[in-house]
Amino acid sequence: EAAAGLGEGLQPPSTAPLPQASRPARSFQLDYEEDCFRKDGAPFRYISGSIHYARVPRPAWRDRLLKMYMSGLSAVQVYIPWNYHEPLPGVYDFAGDRDVEAFLDLTAELGLLVILRPGPYICAEWEMGGLPAWLLWKPDIVLRSSDPAYLAAVDSWLHVLLPKIKPRLYQNGGNIISVQVENEYGSYYACDYGYLRHLLGSFRALLGTEVLLFTTDGTRAQELRCGTLQGLYATVDFGPGSNVTEAFGAQRQVEPKGPLVNSEYYTGWLDYWGEAHASTSSARVARGLEDMLQLGASVNMQVSPFLQLPSLPRPGADFKDQYKPVTTSYDYDAPLSEAGDPTEKLFAIRTIISKFQPLPVGPMPPATPKYAYGRVALQKYADLLDVLDVLCLSGPIQSQFPLTFEAIKQAHGFVVYRTRLPRDVLDPATLGAPPHSVCDRGYVMLRQEYQGTLERDGQTTLRVTGRAGDTLDVLLENMGRISFGANISDFKGLLGNLSLDSSPLSNWLIYPLAIDTAIQQGWPHAALPKSSRGSRAGPAFYTGTFETPGITWDTFVKFPGWSKGQLWINGFNLGRYWPHRGPQQTLFVPGSVLHVDRPNNITVLELEGAPPAPLLLFLDRPLFNRTLIGSTMATE
């Protein structure tokens, strides 16, 4: 019975090492005879949930993990985003929210086993699937392949990361039972077995010969053909809409013996800007889970979504015939909400788990308290073009033609492209960009007056008039690099030249903006006030403050009448708002970013146009769709 021995998965590993001779051998292995895992020799199956430490504020790690443990899960699956820890080549960051070792130690302390997904590519709807944007500084690099430049970067990263992992492997006294190599590689066009073999060699060399290494792919034959390799145990992923018998039948085509494993059971789905909020019924999720557990399968569920954190790779994007950026919220109708609250879906899953293994004794930790701080009025601080000296300390780069973000080594955020009209344009002329060359949105100003927006896969022309020598500015926004599929080399900025009635514009000044850095350092609240023009259109900064009534509880902020932009509170980047595109209407503000003893500083970068009386509304609940009926949320 594959379900036997489950209770032991809930015991925290002993912290005091036994003398070598009396210590029982710890092992986690595949049993091809009995089609199960064996943990310390006994048959074992895991019921696991994914958690993204990079999307959860560190003060909330324990709360989220405890809720997962109390749901009856024996393990958690943990992604490690490479670009979160190596923002520039050879520059590593494992401090604060990025302290993955502290997070892994916490999982062990709470008695959870870990299935680790260190990539190097992870997807996870994360910017560029976790790959660092600086890889694209070499424009012809072939990502996720045997390209020597790519492998050299991967190897140097693995030599930093995997030595931190090795002592935490189960057979070395830790709680990591298995490690995934790459992710859904069969869905990528390259199908490069040499690359997978190289990764297998690197993982074995750095983690040892005993660790269980595996792959995860979709259930189509082509995906399993290109994503699997001898020496890596092949698992599959599928959601509640799939026929469980057929899906595991696909795994059996490549792994005739061994445990059945669904490494990513989708309990919800992600949201794209401009589309309806995704939802998956609790009953369907529970029914699919029960079907898999009855077959003795091991299952990992997408359980725990969270907000995107500050100053880091933003949400990624998908490419499905067109560029589809993912919303800031990673709530995707999951069993634990973005604020970490247990939902009806979590309790439905917990009920199913209880049929197969005992639940931990004790109550589920409650939802975190929320507070509606109410209305906060904002004032315009300055137009973005009036503060380029603060946001681009190094000054502009001169270039005959536009350069990409990658060419000027700007990973994220915004860049201003500036030139002058070469001639008088008294009759409206067409300012245009070649198809797919505005990546991803360009906010156009002429003589510092907002003209409109150019958009990837959307509007690529505007009609303009002006005089020779008038300043033309285009503020380019990176909306997130593609995280899944073949188009991961997703360059940003103006990839082609802008033209005026088909004649190319030249002599550009290019300003890479360090907006996050300035705001983290206290700007503009610590700066002298600026006199700003009254216009509400076009990119501008707005500021305000509010005080908490002696408590700092989680809250949600709504943007009545605002167009599109980004929000910071106390220097903490809370992500993008875009209410008229939707479906997301609110941004989650974790209480841990708020001050109890001094005013909280709000900074908003509005890109298109602010409302006549700019204010924010702090609520005690999120809104995903456009309707708020009374005080209840309309979620469909």
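Mentor: In this predicted model, a residue is called buried when its relative accessible area is under 20%. Cys-439 has a relative accessible area of 2%, and because that value is under 20%, Cys-439 is buried.

Trainee: What does the pair of Cys-191 and Cys-226 tie together?

Mentor: Cys-191 belongs to the loop between β7 and α5, while Cys-226 belongs to helix α6 (residues 221–227), so the pair ties together parts that are 35 residues apart in sequence. Both Cys-191 and Cys-226 are buried.

Trainee: Which residues does the "active site" annotation cover?

Mentor: The UniProt annotation, from an unreviewed entry, covers Glu-184 and Glu-264. They are spread over 81 residues of sequence but cluster in space, with a largest C-alpha distance of 10.5 Å.

Trainee: What makes Glu-184 buried or exposed, and where is Glu-184 found?

Mentor: Glu-184 is found in the loop between β7 (176–180) and α5 (193–207). Its relative accessibility is 9%. Because the limit is under 20%, Glu-184 counts as buried.

Trainee: What can be said of Glu-264 in the same terms, buried or exposed?

Mentor: Glu-264 has a relative accessibility of 7% and therefore counts as buried. This residue lies in strand β10 (residues 261–265). Leaving out residues up to four places away in sequence, Glu-264 touches several residues, among them Glu-184, Tyr-79, Arg-117 and Asp-237.

Trainee: Why is strand β20 described as enclosed?

Mentor: Six of the six residues of β20 (residues 441–446) are buried, so the strand is largely enclosed by the rest of the structure. In a regular strand, side chains alternate between the two faces of the sheet. Here Arg-441, Tyr-443 and Met-445 point one way, Gly-442, Val-444 and Leu-446 point the other way, and all are buried.

Trainee: How do you know that β20 pairs with β23 and β21?

Mentor: Pairing requires at least two bridges between the strands. Six bridges join β20 to β23 (residues 471–477), and the two run antiparallel; β20 and β21 (residues 449–455) also pair in the antiparallel sense over six bridges. Met-445 has Asp-473 as its bridge partner in β23 and stands opposite Tyr-450 in β21. β20 and β21 form a hairpin with two residues between them, and Arg-447 in the turn has a positive phi of about 55°.

Trainee: What makes β15 and β31 edge strands in the open sheet?

Mentor: The open sheet has five strands in the order β15-β28-β33-β30-β31, with antiparallel pairing. β15 (379–383) and β31 (572–577) each have a single partner strand, so one side of each is left without a neighbour in the sheet. The twist averages 25° from one strand to the next. Within this sheet, β28 (residues 540–546) and β33 (residues 600–606) are joined by seven bridges, and Tyr-542 has Val-604 as its bridge partner in β33.

Trainee: How do you know that Thr-586 makes a polar contact with Leu-623?

Mentor: The side chain of Thr-586 reaches the backbone nitrogen of Leu-623 at 2.9 Å. Thr-586 is found in strand β32 (residues 586–589) and, at 3% relative accessibility, counts as buried.

Trainee: Which backbone oxygens does the side chain of Arg-45 reach?

Mentor: The side chain of Arg-45 reaches the backbone oxygen of Leu-293 at 3.2 Å, and the backbone oxygen of Ala-297 lies 2.8 Å from a polar atom of that side chain. Both distances are within 3.5 Å, so each pair counts as a polar contact. Arg-45 itself is placed in the loop between β3 (42–44) and β4 (47–51), and at 1% relative accessibility Arg-45 counts as buried.

Notes. Residues numbered from 1 in each chain as written. Predicted model: local features only at pLDDT ≥ 70, side-chain atom pairs only at ≥ 80, totals over all residues. Heavy atoms only, no water. Helix = DSSP H or I, 4+ residues; strand = E, 2+ residues; numbered from the N terminus. Axes fitted to C-alpha atoms, helices over the stretch in contact; angles between N-to-C directions. UniProt positions renumbered as here; feature names shortened; annotations may be inferred. Buried < 20%, exposed > 50% of the residue type's maximum accessible area, 1.4 Å probe, protein only. Contact = heavy atoms within 4.5 Å. Polar contact = N/O pair within 3.5 Å; in protein donor to acceptor, adjacent residues only side chain to side chain.
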